[in-house]
Amino acid sequence: HTEARPEYLSTGLRSLDRVLQGGYPMGEATLVAARPKVGATSLLLGGALAALKRGERVAYFSGSLREEQIRGRFVVLESRVNGYRFRAGFITAEDRIALAAARERIPWSALSIVTRRRILPEEVDGHLFSYRPWLVVADILPRGSSGVTTRRVSALLTAVQHLAHIARKHGVALVVRVVLPSAEHPPSRLELPGGGAMAGAFSAVILL
């Protein structure tokens, strides 16, 4: 029995869905590349939360956040409590009520979280085989740096191609996140590892 899957999954933002002509494509890998602290994690979490609320299964892989941090960010997002205020520890009694209600509303049973410093594409592949999600968030690639050696770039490109193959094999919308070096100017494709060569493995590239 194969379940009927849509052609696209919403990113959680209508404006971005329009730009991508429907959202994250199923059976394809989408790249989200951003400088630190510009909201890439919020974008990934927002899309995952929207999918969970539509009743779709989500697998979230992270090499930088712990499981309780990811769950906490989902709760803050669903509660609409101000995230900056929450992280600074300024939360009111009303905020606490909103957070508790949000925690109850999230369908946790449809979410699988895997966190470890280093997660290989083979592990993603094996997990999808048993879990069968629709949306996969892979925040597992090393942070960008201008001093990346040729050998590391080639290993990174191989890993990315493997992830794109996994998306096709399992028919999932797979979103890969890459952190670009800090800079004042807007990011460009050329800043991606391999002088932008990485973009070729993806059906869509979102630069934040």
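I looked up the largest pocket first: 19 residues line it, and Gly 39, Thr 41, Ser 42, Arg 73 and Arg 87 lie nearest its centre. I note that this is a predicted model, where local features need pLDDT of at least 70 and side-chain atom pairs count only at pLDDT 80 or more, while totals for chains, interfaces and linings use all residues. Residues are numbered from 1 along each chain as its sequence is written, and side-chain values use heavy atoms, with hydrogens and water left out.

**Entry 1: the largest pocket**

I wrote down the terms before going on. On a 1 Å grid over the protein atoms alone, a pocket is an open set of points with protein on both sides within 12 Å along at least five of seven lines, a cavity is a set where a 1.4 Å probe fits but cannot get out, and lining residues have an atom within 4 Å of a point. Grid points are joined across faces, edges and corners, and a volume is the space filled by probe spheres set on the points.

The largest pocket holds about 630 Å³ of space. I then asked which helices each supply at least two residues of its lining. They are H2 (40-53), H3 (67-79) and H4 (83-88); helices (H or I, at least four residues) and strands (E, at least two) are DSSP runs, numbered from the N terminus. H2 gives the largest share, four residues. By class I found nine nonpolar, five polar and five charged residues in this lining. Nonpolar covers Ala, Val, Leu, Ile, Met, Phe, Trp, Tyr, Cys and Pro, charged covers Asp, Glu, Lys and Arg, and the others, Gly among them, are polar.

**Entry 2: the second largest pocket**

The second largest pocket has about 520 Å³ of space. Of the 19 residues lining it, Arg 118, Ile 140, Leu 141, Pro 142 and Leu 156 are the closest to its centre. Helices H6 (121-131) and H7 (150-170) each supply at least two lining residues, and the largest share, five residues, comes from H7. I sorted this lining into 11 nonpolar, two polar and six charged residues.

**Entry 3: cavities**

I searched the whole structure and found two cavities of 30 Å³ or more. The second largest cavity has a volume of about 30 Å³. Its lining consists of Arg 5, Leu 128, Arg 132, Pro 133, His 170 and Val 172, which by class gives three nonpolar, one polar and two charged residues.

**Entry 4: aromatic rings**

Rings of Phe, Tyr and Trp (its six-membered ring) pair if their centres lie within 6.5 Å; planes under 30 degrees apart count as stacked, over 60 as edge-to-face and the rest as tilted. I counted two aromatic pairs by this rule. Tyr 60 and Phe 74 have ring centres 6.2 Å apart and planes at 80°, so this pair is edge-to-face. Tyr 60 lies in strand S4 (residues 58-62) and Phe 74 in helix H3, so the pair ties together parts 14 residues apart in sequence. Both residues are buried; buried means under 20% relative accessible area, exposed over 50% and partly exposed in between (1.4 Å probe, protein chains only).

The rings of Phe 74 and Trp 108 have centres 6.4 Å apart and planes at 85°, so they too are edge-to-face. Trp 108 sits in the loop between helix H5 (93-105) and strand S5 (111-115), 34 residues from Phe 74. Tyr 60, Phe 74 and Trp 108 form one aromatic cluster.

**Entry 5: charges over rings**

A charge sits over a ring if NZ of Lys or CZ of Arg is within 6 Å of the ring centre and within 35 degrees of the ring normal. The charged end of Arg 57 is over the ring of Tyr 131, 4.3 Å from its centre. Arg 87 lies over the face of Tyr 84, 5.5 Å from the ring centre.

**Entry 6: two positive phi angles**

Lys 37 is not a glycine, yet its phi is positive, about 60°. Lys 37 is in the loop between strand S3 (28-34) and H2, and counts as exposed at 84% relative accessibility. Arg 80 also has a positive phi, near 65°. Arg 80 is in the loop between H3 and H4 and is exposed, with a relative accessible area of 75%.
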